[in-house]
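Here is a short briefing for a first look.

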Amino acid sequence: MSDSIIVRLRRANPVPVADTAPAAELFARITALPGDSRLGASERPRRRHRRAIVLAFVVLAAVVLASTALAISHWLGGELVKSPVTKQEYIAAQKQLTLPPGYSWPTFRFPPDAENSVTTRGAGGGHAVMAAQWSWECYWADAIRTHDAAAAARAHAALNALLAHDTYEAPAGAPEDWTPTPLPTQPFMVFAHDGGLEWTRAGYRLAAAGDATRIAQSCRANVPG
Amino acid sequence: MTATSDRSAAEERFRPVFAHLGAVAAYARRRGSRDADAVAAEVMTIAWRRLSDVPQDDPRPWLYATARNLVRADARRSARVAAHGAEGPGDLAAPPEMPELDPALADALRSLSRLDREALLLVAWEDLTPTQAARSLGINATAFRVRLLRARRRLRARLGNASNMGSHDETTNLDLETT
């Protein structure tokens, strides 16, 4: 197929050659970070795989027997909720959390099949906590870049408060949908027990010392809105 | 298996992914990122932390998809910051632009939908096959081919008649439908 459009685009490529300069230092820096914990899991003995498969079948059978997500919710004492509840939690959490000046709450978008799905109670609040956290990180990174000490201090205090009051770390080996009991009344987010929370704290310590690298990365990757 | 050997196995697995650093930086630069090297470094950091999600046989579609999200997120953030006056007028951020293009082509590209534009550019600038490009956009290959065909037609229509595109002899055979 002759395609003059593609040819013209190729000729107009503004960066025709990729820079292939070696970046050994960057490689070393990245691989010094915590890696993907799932990779180690794949190396575990086969017996554990078998156990996981059996467990998966049990869970699948339970889901099939329950026949509807709502039934599962009743079985588990109402800890699973449908999307309107999650949305309501998200809206309610906005009244309990603050965003930096100039930021607004991102729209909570459900996937098209959300009507048929359930989520853990508190997930809406967790979504709001994360949105607040990322907004404050962006605000802090900007404050450091523009040497606005007052704004930086405000962001630091807000993020410290979020980590102190609205953040939990799941115990080691806890399931992915672990939630604290009793369920907190304030909105909360849960970190897995994989070093992520300590990584975040370390990023804030760096930012407090004037190094915005990590919070800027987090901001770039997670920017709300 | 020890933690040390786990780590070195992970590093070995990451090395061929990291080899695309330059290509990812070039991708970000082509999509108008103001800090393409930082975006590429961030993409690689994400790839390292989510290494089991990165296809080992062909990581580029995954890497470009991640870079695309970062560039767009950065552009949204810059636009919002600019709108709230947190930066001076010199820093006013625009959505990603096609840098250093002839104005007619840039305008025509900008008139396309984001997905149409990206479909064209993944093939023309990133040298992906339609199958790879489809993977990067999260759509199936057939849908991608249809989209690419329409995008080419739309761009051609925007640019005017075929005489503006150079003579037929200058074209190259691109076997886009069979890859």
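Chain A is built from 10 helices and four strands. This is a predicted model. Chain B, by contrast, has eight helices and zero strands. The points below take each chain in turn, then the contacts between them.

**Chain A overall**

- From the N terminus, the elements of chain A follow the order α-α-α-α-α-β-α-β-α-α-β-β-α-α.
- Chain A has 225 residues, and 40% of them count as buried.
- Take the contacts in chain A between residues at least 6 apart in sequence: 62% of them join residues at least 24 apart.

**A helix pair inside chain A**

- Two packed helices are described by the angle between their axes and the distance between the axes.
- Helix H7 of chain A covers residues 123-145, and helix H8 of chain A covers residues 149-165.
- The two pack at an angle of about 155°, and their axes are 9 Å apart.
- Angles over 145 degrees count as roughly antiparallel, so H7(A) and H8(A) are roughly antiparallel to each other.
- The crossing of H7(A) and H8(A) is left-handed.
- On the H7(A) side, the contact uses Val129(A), Ala132(A), Gln133(A), Trp136(A), Glu137(A), Tyr139(A), Trp140(A) and Ala143(A).
- On the H8(A) side, these meet Ala151(A), Ala152(A), Arg154(A), Ala155(A), His156(A), Ala158(A), Leu159(A) and Leu162(A).
- By class, the contact of H7(A) with H8(A) has 12 nonpolar, two polar and two charged residues.

**Chain B overall**

- Along the sequence, chain B reads α-α-α-α-α-α-α-α.
- Of the 179 residues in chain B, 49% are buried.
- The accessible surface of chain B comes to about 8600 Å². Carbon and sulfur atoms hold 50% of it.
- Among contacts in chain B with a separation of 6 or more, 65% come from residues 24 or more positions apart.

**Buried places in chain B**

- Helix H6 of chain B spans residues 114-124 and is mostly covered. Nine of its 11 residues are buried.
- The buried residues of H6(B) are Asp116(B), Arg117(B), Glu118(B), Ala119(B), Leu120(B), Leu121(B), Leu122(B), Val123(B) and Ala124(B).
- Gln132(B) sits in helix H7 of chain B, residues 130-137.
- Buried means under 20% relative accessible area, so Gln132(B), at 14%, is buried.
- Beyond its neighbours within four places in sequence, Gln132(B) is in contact with Asp58(B), Arg60(B), Pro61(B) and Asp127(B).
- Leu159(B) belongs to helix H8 of chain B, residues 141-159.
- Leu159(B) counts as buried because its relative accessibility is 10%.
- Leu159(B) and Asp107(B) are 52 residues apart in sequence. In space, the C-alpha to C-alpha distance between them is 9.0 Å.

**Where chain A meets H3 of chain B**

- Helix H10 of chain A (residues 213-222) meets helix H3 of chain B (residues 36-49), with axes that come within 11 Å and cross at roughly 80°.
- Gln217(A), Arg220(A) and Ala221(A) of H10(A) make the contact with Ala38(B), Val39(B), Glu42(B) and Ile46(B) of H3(B).
- The contact of H10(A) with H3(B) has four nonpolar, one polar and two charged residues.
- Helix H2 of chain A, residues 24-31, also packs on H3(B): the axes come within 10 Å and cross at roughly 40°.
- H2(A) is therefore oblique to H3(B).
- The crossing of H2(A) and H3(B) is right-handed.
- Leu26(A), Ile30(A) and Thr31(A) in H2(A) touch Ala41(B), Met44(B), Thr45(B) and Trp48(B) in H3(B).
- The residues of the contact of H2(A) with H3(B) divide into five nonpolar, two polar and no charged.

Conventions: Residues are numbered from 1 along each chain as its sequence is written. Chains are lettered from A and ligands numbered from 1 in the order in which they are written. This is a predicted model: local features need pLDDT of at least 70, side-chain atom pairs count only at pLDDT 80 or more; totals for chains, interfaces and linings use all residues. Side-chain values use heavy atoms; hydrogens and water are left out. Axes are lines fitted to C-alpha atoms, for helices over the stretch in contact, and angles run from 0 to 180 degrees between N-to-C directions. Angles under 35 degrees count as roughly parallel, over 145 as roughly antiparallel, 65 to 115 as roughly perpendicular and the rest as oblique. A crossing is left-handed if the near helix is turned anticlockwise from the far one by less than a right angle, and right-handed if clockwise. Contact means heavy atoms within 4.5 Å. Ala, Val, Leu, Ile, Met, Phe, Trp, Tyr, Cys and Pro count as nonpolar, Asp, Glu, Lys and Arg as charged, and the others, Gly among them, as polar. Buried means under 20% relative accessible area, exposed over 50%, partly exposed in between (1.4 Å probe, protein chains only). Accessible areas come from the Shrake-Rupley method with a 1.4 Å probe; for residues, only the protein chains shown count as cover.
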